[in-house]
Amino acid sequence: SISSSVIVVMLICIAVGIKLAGSMSRNIKKSIQMVGRLAEGNLDVWVDDKLLKKKYYYELHDYVKNFI
């Protein structure tokens, strides 16, 4: 029925949201660690190309590219 369909769609949306949030926070943590190492004076920081090529991380992408 309609109620069960709505519940299924809601659960799918929640699962997708949790997955995206986890992925975004993981990449933000990586960039914070990288910036921390740069702040300590370590200029041999390697940036993962995957992090720079993520299309849905526009702000993080611009931040990382401009910082390096």
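Tutor: What follows is a close look at helix α1 and its surroundings.

This is a predicted model, where local features need pLDDT of at least 70, side-chain atom pairs count only at pLDDT 80 or more, and totals for chains, interfaces and linings use all residues. Residues are numbered from 1 along each chain as its sequence is written, and side-chain values use heavy atoms, without hydrogens and water.

Start with the overall plan. The protein has three helices and zero strands (DSSP runs: H or I, at least four residues; E, at least two; numbered from the N terminus). Along the sequence, the pattern reads α-α-α.

Now to α1, residues 2-39. With 38 residues at 1.5 Å a residue, α1 should span 56 Å (1.5 Å times one less than the residue number). The end C-alpha atoms of α1 are 55 Å apart, so the two values agree. After α1 comes Gly41, with a positive phi near 100°.

Which residues of α1 are buried? They are Ser23, Asn27, Ser31, Met34, Val35 and Leu38 (buried: under 20% relative accessible area; exposed: over 50%; partly exposed: in between; 1.4 Å probe, protein chains only). Across the protein, buried residues make up 21% of the 68 residues.

Next, the surface. Ile14 lies in α1. Ile14 counts as partly exposed because its relative accessible area is 46%.

Helix α1 gives the largest share, four residues. Arg26 is in α1.

Finally, look past the helix. Val47 sits in the loop between α1 and α2 (49-53). Val47 is buried because its relative accessible area is 11%. Val47 and Lys30 are 17 residues apart in sequence, with their C-alpha atoms 9.1 Å apart in space.
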